[in-house]
Amino acid sequence: MPETLPVVTDPGYPDVHGISVTDPATGGPGGTLNVGVQALAERTDHLRGRAEVLEAAAADHETRLATVEGSGAVAGNRVTALLSGEVMAVEMFAGPPYVWRDIAPRAIVQTVAGDESVDVESTAGLTGGDAYVIRDDDGSTEGVTIATILTAQRFRAASTLTKSRDATGTLSRTSWDVRAGHALAADGGVLISRSLRVLRYDDVGRVVLRRDDGDGTLALDARPAGTGEAWTACPLVSSTTVADEAGRVDLEYTVPLGGVVQCRLTATTGSTGAPIRVDHIRALPPPDAVRDLVRRPVAVAPTEGAVDVSETPTLE
């Protein structure tokens, strides 16, 4: 019965041994006739293992791609997000341009309770009149609206701060735990959007949010961006179970104002205390909105709709 060479689990890959003219012709494990054969067999076994790993990875990617292509909800969200500049403003927690957050968290240098001044590592990219959230190291939060940018490291808030801080906490658009492709909103957690222009041609709008089917709630407020005005509550008008994604519901809110707006979502967890998982958020025009590639200009003089007037028209 012919012998077989032993399988080496961690062979290393030295140079393949070549038989010299003076080598004795010996067989068996370690014999001169088998050393080179063993080295080549080990390399073949290594390549076979790599090929099997690559085949398994390719099969997994094909399965996942087929799932995405077959899912109207997932594929539709990805495709329509490409039109986010005009059709919708999307927060997908997957990086620019499909985010409602326009700044990375930056360190708080100092705040003083009862004072409006806020010192941060940098005020670059911050916008006067916009709202942000301070997240403390213990997870607590405080909302702040910028009244005036004072220096490269200081701004004045629209109201006094409630807590003193000394090199603790961060300033950002959200206190949620943002992951790859979703976010977890703890109790009291806030997400504040950048200025959203998707409703600039409309008087009202809507926000559709996909979340888990847990027992927590998400309250939506909106206000004209950059004004520091009071927030207006946005009523929840529907909650729909997602047919092709288990454990997910779509919430739709009415935004009772248009123009360039800023939105705020505040989480309240349920009896379990579990954070709310949010998969994506979309701000959209009203369902009956019509978008023209070129908008018809409005007459300024004579006034829109005037008749029998002999005057050189002035358009907006």
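1. K163 is partly exposed: its relative accessible area is 31%. The model is predicted, and the values in this note are to be read with that in mind.

2. K163 makes a salt bridge with D136, with 3.3 Å between the closest N and O atoms. This pair joins distant parts of the chain, 27 residues apart: K163 lies in the loop between β6 (154–157) and β7 (165–166), and D136 in the loop between β4 (131–135) and β5 (141–149). D136 is buried, with a relative accessible area of 3%, whereas K163 is partly exposed.

3. Side chains of opposite charge can pair when their charged atoms come close.

4. D250 and R210 also form a salt bridge through their side chains, at 2.7 Å from N to O. Here too the pair links distant parts of the chain, with D250 in strand β17 (residues 248–255) and R210 in strand β13 (residues 205–212), 40 residues apart. Are these two residues buried or exposed? D250 counts as buried at 16% relative accessibility, and R210 counts as buried at 5%.

5. Another salt bridge is that of D212 with R211, at 3.0 Å from N to O. Both D212 and R211 are buried.

6. Strand β4 has four of its five residues buried, so the rest of the structure largely encloses it. β4 pairs with β5 in the antiparallel sense, over five bridges. β4 and β5 form a hairpin that has five residues between the strands, and G139 in the turn has a positive phi of about 95 degrees.

7. β4 also runs antiparallel to strand β8 (residues 170–172), to which three bridges join it. I134 illustrates both pairings: its bridge partner in β5 is E142, and in β8 it stands opposite L171.

8. How many aromatic pairs does a search of the whole structure find? The search returns zero. Y201 does have a charge over its ring: the charged end of R200 lies 4.8 Å from the ring centre.

Terms used. Residues are numbered from 1 along each chain as its sequence is written. This is a predicted model: local features need pLDDT of at least 70, side-chain atom pairs count only at pLDDT 80 or more; totals for chains, interfaces and linings use all residues. Side-chain values use heavy atoms; hydrogens and water are left out. Rings of Phe, Tyr and Trp (its six-membered ring) pair if their centres lie within 6.5 Å; planes under 30 degrees apart count as stacked, over 60 as edge-to-face and the rest as tilted. A charge sits over a ring if NZ of Lys or CZ of Arg is within 6 Å of the ring centre and within 35 degrees of the ring normal. A salt bridge is a side-chain nitrogen of Lys or Arg within 4 Å of a carboxyl oxygen of Asp or Glu. Helices (H or I, at least four residues) and strands (E, at least two) are DSSP runs, numbered from the N terminus. Buried means under 20% relative accessible area, exposed over 50%, partly exposed in between (1.4 Å probe, protein chains only). Two strands pair if DSSP finds at least two bridges between them.
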